[in-house]
Amino acid sequence: MTEDTAVVWFRSDLRLHDNATLTRALESATRIVPVFVFDPDAFATTTFGFPKTGRRRAQFLRESVQALRATLRGLDSELVVRYGRPSTVLPAVASEYDADAVYSQTLPAPEERHVETAVRTALRDQGRALQTAWTHTLYHPADLPTPVQNIDDTFTPWRQDVEATIEPREPLPSPNKVPSSTLDVSEIPTLAALGFDDAPLGRDQRAVYAFDGGETAGLDRLAEYVWDRDCLREYKETRNGLLGADYSSKLSPWLAHGCLSPRQIYAEIDRYERERVENDSTYWLGFELAWRDFFQFQFAKHGAAFFRPGGIRDRDVEWHTDEDAFSRWANGQTGVPFVDANMRELNATGYMSNRGRQNVASFLANDRRLDWRTGASYFESRLIDYDVCSNWGNWAYVAGTGNDSRDKRFDVLWQAHRYDPAGEYVTQWLPELDGLPPEYVHEPWRMDTQTQRTHGVELGSDYPRPMVALEDASE
């Protein structure tokens with residue numbers, strides 16, 4: 001049965017390629033009303049006192065919505081943009097255009113599910129339906145060898161089971177046309193309208209990449225990394241890097257906002273393996289996409305349990321609260337250079353390497369025993385590539401409250417010397433330590449008073465003394 005009009009509610013799927021929501025709507029209706037809703041709740045404050053969406057991610061989101069509107073206009077369509085709660089906005093839009101149904105992406109985390117339920121209820125009260133599609137993982141949950149509610153809580157057996165039994169679905173093509181009549185559009189809210197100040201949002205010259213929002217920018221980065229720069233063949237060897245654009249794919253911001261489909265990335269990996277080379281590195285990028293899937297399915301299984309102090313394991317840990325210690329961690333003033341450099345990069349750019357994320361999370365949760373959820377909430381506020389499942393799932397993993405029961409404490413000093421042996425990364429973000437010999441860059445507290453004077457670095461003045469003796473942290 002063909003419907004006359006369908007509203008397509010874009011959520012974290014800001015793209016036309018491989019978008020099952022849009023494809024299903026096009027199959028069912030002769031007129032499409034594309035909509036994006038800026039939900040004020042997404043810009044509220046978390047229970048830990050941080051903005052849910054920081055300024056840099058808000059800008060990336062705005063750019064992504066602008067890009068989606070431009071792409072739709074290229075197909076003689078349009079994007080309706082509204083500000084308000086989806087449960088109020090979408091029924092109003094559906095009524096305005098006399099739509100038979102609203103089509104949207106479905107997401108697994110509790111808040112996103114709550115929003116979906118509220119929209120479904122409001123539409124049902126109008127006699128309209130909400131049709132949802134799962135659009136954001138490499139593997140579709142309907143294809144998994146084990147139902148989501150019964151999947152293993154440890155990654156490796158889950159991955160092995162999946163790899164042995166199924167292949168990802170082929171990505172859906174972008175439509176050639178999105179038929180829409182004249183739509184009542186409005187301007188995309190400015191940063192000021194979303195609650196941020198009007199100061200120009202500059203780019204730190206030390207940033208590893210200029211992340212511009214939108215589907216085109218994401219596809220361009222994918223082509224650049226895989227084909228133009230031919231970096232995929234060495235991904236496994238370089239992925240733990242800290243400096244530069246190409247030590248990793250840098251695709252996560254576009255994945256998090258749905259500007260890129262993981263199945264499109266996988267398809268490019270497959271083509272690269274056929275046309276250039278197949279090796280451990282090409283496999284490993286797909287492996288990382290499977291990790292991302294795993295946390296999405298874990299949230300579908302466990303839901304709000306991930307946000308408890310003891311996590312899905314209900315672990316009995318005495319988490320501490322220390323506002324001064326947390327502030328030092330958040331502002332890159334712990335006195336441990338590798339931790340501080342990573343936190344300053346995050347604050348300045350909205351991005352941090354995977355290696356850095358694991359180390360700063362372990363330092364907060366395992367070395368200081370501060371409530372790991374405050375760290376996860378801070379990341380939520382700061383990261384451009386924030387994804388609720390990946391962020392909270394990885395924090396719980398490191399804190400020992402999530403998947404896998406092994407000790408996740410990182411030896412931060414060992415990690416620093418292993419991955420930044422010459423101290424180049426640290427001195428880029430901690431210029432006050434520039435000029436120190438490599439043996440002191442990561443452990444400046446080892447310098448005696450004379451050595452400090454020689455190098456012009458006074459601990460406690462130019463750079464803080466460490467807030468924890470890492471050698472004794474295991475005790």
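The largest cavity holds about 40 Å³ of space, and the structure has one cavity of 30 Å³ or more. A cavity here is a set of points, on a 1 Å grid over the protein atoms alone, where a 1.4 Å probe fits but cannot get out; grid points are joined across faces, edges and corners, and a volume is the space filled by probe spheres set on the points. This is a predicted model, in which local features need pLDDT of at least 70 and side-chain atom pairs count only at pLDDT 80 or more, while totals for chains, interfaces and linings use all residues. Residues are numbered from 1 along each chain as its sequence is written, and side-chain values use heavy atoms, with hydrogens and water left out.

**Cavity lining**
- The largest cavity is lined by W134, T135, H136, T137, L138, Y139, H140 and R263; lining residues have an atom within 4 Å of a point.
- By class, this lining has three nonpolar, four polar and one charged residues. Ala, Val, Leu, Ile, Met, Phe, Trp, Tyr, Cys and Pro count as nonpolar, Asp, Glu, Lys and Arg as charged, and the others, Gly among them, as polar.

**The sheet**
- Five strands form an open sheet in the order β3-β2-β1-β4-β5, with parallel pairing. Strands (E, at least two residues) and helices (H or I, at least four) are DSSP runs, numbered from the N terminus, and two strands pair if DSSP finds at least two bridges between them.
- At the edges stand β3 (80-83) and β5 (129-133), each with a single partner strand, so one side of each has no neighbour in the sheet.
- From one strand to the next, the twist averages 30 degrees.
- Strands β1 (residues 3-10) and β4 (residues 101-105) run parallel and are joined by four bridges; A6 stands opposite A101 in β4.
- Helix α3 (residues 86-96) packs on the sheet and touches β1, β2 (29-38), β3 and β4, with its direction at about 155 degrees to that of β2. Angles run from 0 to 180 degrees between N-to-C directions, and axes are lines fitted to C-alpha atoms, for helices over the stretch in contact.
- Helix α4 (residues 110-125) lies across β1, β4 and β5, at about 145 degrees to β5.

- Of the 11 residues in helix α14 (residues 372-382), 10 are buried, that is, under 20% relative accessible area with a 1.4 Å probe and protein chains only.
- Among the buried residues of α14 are W372, R373, Y378 and F379.
- The cover over them includes α2 (55-73), α11 (323-330), α12, α13 (354-367) and α15 (388-399).
- The axes of α12 and α14 come within 9 Å and cross at roughly 40 degrees. M343, L346 and N347 of α12 meet Y378, F379 and R382 of α14, contact being heavy atoms within 4.5 Å.
- This contact has four nonpolar, one polar and one charged residues.
- R344 lies in α12 (residues 337-349) and is buried at a relative accessible area of 16%. Apart from neighbours within four places in sequence, R344 contacts N331, G332, Q333, W429, L430, E432 and Y463.

**Residue Q296**
- Q296 sits in helix α10 (residues 280-302) and is buried, with a relative accessible area of 1%.
- Beyond neighbours within four places in sequence, Q296 is in contact with P108, H136, T137, D387, C389 and S390. H136 and T137 also belong to the lining of the largest cavity.
- Q296 and S390 are 94 residues apart along the chain, with their C-alpha atoms separated by 7.3 Å.

Notes. Buried means under 20% relative accessible area, exposed over 50%, partly exposed in between (1.4 Å probe, protein chains only). On a 1 Å grid over the protein atoms alone, a cavity is a set of points where a 1.4 Å probe fits but cannot get out, and a pocket is an open set with protein on both sides within 12 Å along at least five of seven lines; lining residues have an atom within 4 Å of a point.
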